[in-house]
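Hi everyone, thanks for coming. Today I'd like to walk you through how two protein chains meet.

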Amino acid sequence: MNSSTAAITPAPAKTKRKSSFLSRWDAPIAGYLFISPWLIGFLALTAYPLFLSLYYSFTNYTLMQPIEWIGTRNYEKIFTADPKFISSVKVTFTYVLASVPLKLIAALLVAMILAKAVRGISAYRTAIYFPSLIGGSIGVSLLWRNIFGVDGIFNNIIGVFGFEGKGWITSPDSALSTLVLLTVWQFGSTMVIFLAGLKQIPSDLYEASSVDGANKVVQFFRITLPMLSPILYFNLIMAVIGAFQMFTSAFVITNGGPMNTTYVYAMYLYERAFSRYELGYASALAWIMLLMIIAATILISISSKYWVFYESDTGRGKRK
Amino acid sequence: MTLKRWNPVIRHIFMILFSFIMVYPVLWWIGASLKDSTELGSPGIFPKVLKWSNFTNGWNAIPGHTFTDFYLNTFGLEIAVIIVTLISCTLVAFGFARLDFPLKNFWFSILMLTLMMPAQVLIIPQYALFHQLGWVNTYLPFIVPHTLASGAGGTFFVFLLIQFIRGLPKELDEAAKIDGCSWFGIYWRVVIPLTLPAVVTVMIFCFLWNWDDFLGHLLYINTVDKYTVGLALRMINDSQSAAEWGQLLAMSLVSVLPATLIFMFLQKYFVEGIATSGIKG
């Protein structure tokens with residue numbers, strides 16, 4: 001009797017437990033197998049190099065000589081005896097502070113105009129998006145160099161209106177502006193994101209507010225901007241991070257000149273690391289860059305408490 | 001009232017003018033690629049005489065090589081990078097979107113953090129690493145990171161695919177599981193076929209970002225026989241005098257053609273990809 005129940009009942013329980021055991025443990029192993037490419041990539045190509053570069057930044061590492069620990073000497077030199085560091089930081093900040101707001105404002109304005117258009121919207125969107133598709137390429141940088149050169153068409157066009165031309169790229173007070181203009185010209189991809197965001201704003205908000213007597217300006221500041229602010233926030237952070245790393249156009253169009261007015265931080269990093277092979281010193285520069293970007297991101301996210309507006313679950317916004 | 005009626009007209013006139021200003025540099029560029037260098041200062045779009053030799057001479061402007069070599073190099077690199085990216089990123093995204101494993105949320109937040117990681121902070125230690133492995137002047141510094149879901153845009157692609165796979169109904173997995181499908185079977189037979197639109201978006205951006213990864217090419221490719229199109233353009237730019245601007249503009253124009261063609265034929269994937277993920281073009 002006993003033995004027969006023992007023989008009959010535990011058997012299904014055993015298989016059941018076995019399968020649940022398998023399904024419980026199957027997923028973790030399988031999960032780690034599936035994410036293993038990224039996990040290995042993260043450990044070997046992001047985390048390890050990050051610590052490695054921190055270590056390098058305290059050494060005099062070059063690819064040729066044996067590594068020697070020199071403490072904080074790289075950092076001391078950067079902050080006290082490196083005029084190129086100071087000037088490249090200034091150039092980079094000027095570039096970030098000019099290009100990012102201009103790009104976002106242009107994207108927002110044009111998105112608002114386009115959102116109202118019924119006909120032809122896809123044609124306009126294509127025309128405006130296209131520059132941001134090709135703008136990062138070296139080909140467009142070369143085009144820019146030609147357009148804003150002394151004999152370029154920009155001088156000829158403004159000449160028609162009676163303005164005097166000059167070498168926009170070769171003159172120190174306008175070279176950086178041509179690079180900013182190239183960046184702003186590529187506002188199309190940001191605009192497409194804003195356009196998608198604008199379409200998400202429920203139209204009854206506008207209807208209700210105009211019944212209450214709100215004009216367009218009030219509607220913009222009380223409805224459009226708050227409803228769009230999470231997207232604006234995201235785009236602001238991505239644009240700032242991107243602008244800090246600007247390299248190709250400064251390298252190809254102006255090569256840092258004239259008189260270092262377009263010598264951005266990334267170019268200085270590149271020159272120290274790969275022209276002079278001072279990898280230790282350049283690693284210190286890279287870490288300072290990382291800290292500057294982190295500081296900028298933190299500043300933006302602290303400020304976001306005051307201007308970013310999140311929709312609550314009920315569908316209407318609430319200031320957080 | 002009359003002003004209201006005219007509003008759309010004014011808006012359209014403004015938009016047409018504005019769109020024209022936006023694409024004018026590109027239109028001029030197309031014309032300029034066929035212009036004689038004496039005519040390059042003129043803002044007109046159409047050249048007086050069509051100088052096709054800008055293209056033929058530009059194509060052979062680098063002694064010992066033609067642009068055919070550089071395009072073959074670049075496309076070869078692109079194909080390899082796209083294939084490994086698709087395999088690795090879909091596997092990783094499936095793991096994050098569909099499986100439960102210990103520390104999943106931890107790894108996912110790390111993934112989100114690395115989304116914002118500025119690539120330039122890592123180039124020095126990565127260069128040192130690849131240098132020690134003897135990979136400089138090969139394409140391995142591009143292919144291996146992409147195999148590990150890193151490299152230009154890798155984390156972005158994983159994120160985009162996770163978002164997409166999370167939107168697929170989970171009942172499909174359950175049904176397949178009851179039918180005896182393994183996790184890999186669910187990935188390969190159920191999820192991947194449904195993920196194809198997102199896969200196309202990933203392919204497009206992987207192609208574009210690697211095409212424009214100028215700094216990477218500059219660092220890791222040293223000999224002309226391995227040059228990509230971007231490096232070849234820079235070489236002509238550095239070596240030639242202003243007299244050959246026509247050739248340089250012609251070759252630059254050809255270099256943006258692949259991106260343009262992809263955009264023309266796959267536009268809907270672009271706009272969806274940008275709008276849903278906030279990806280940059």
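Let's begin with the area buried between chain A and chain B: about 7800 Å², with carbon and sulfur atoms giving 77% of it. Buried area here is the accessible area (1.4 Å probe) that two parts lose on being put together, summed over both. Three residues, A:F34, A:W38 and A:L45, supply 11% of the area that chain A buries against chain B, more than any other three residues.

A quick word on the ground rules. This is a predicted model, where local features need pLDDT of at least 70 and side-chain atom pairs count only at pLDDT 80 or more, while totals for chains, interfaces and linings use all residues. Residues are numbered from 1 along each chain as its sequence is written, chains are lettered from A and ligands numbered from 1 in the order in which they are written, and side-chain values use heavy atoms, leaving out hydrogens and water.

Now, how many residues does each chain bring to the contact? Chain A brings 87 and chain B brings 89, where contact means heavy atoms within 4.5 Å.

On the side of chain A that touches chain B, helix α2 (residues 10-56) gives the most, with 23 residues. Helices are DSSP runs of H or I, at least four residues, numbered from the N terminus.

Finally, among contacts in chain A between residues at least 6 apart in sequence, 66% join residues at least 24 apart.

Technical notes. Helix = DSSP H or I, 4+ residues; strand = E, 2+ residues; numbered from the N terminus.
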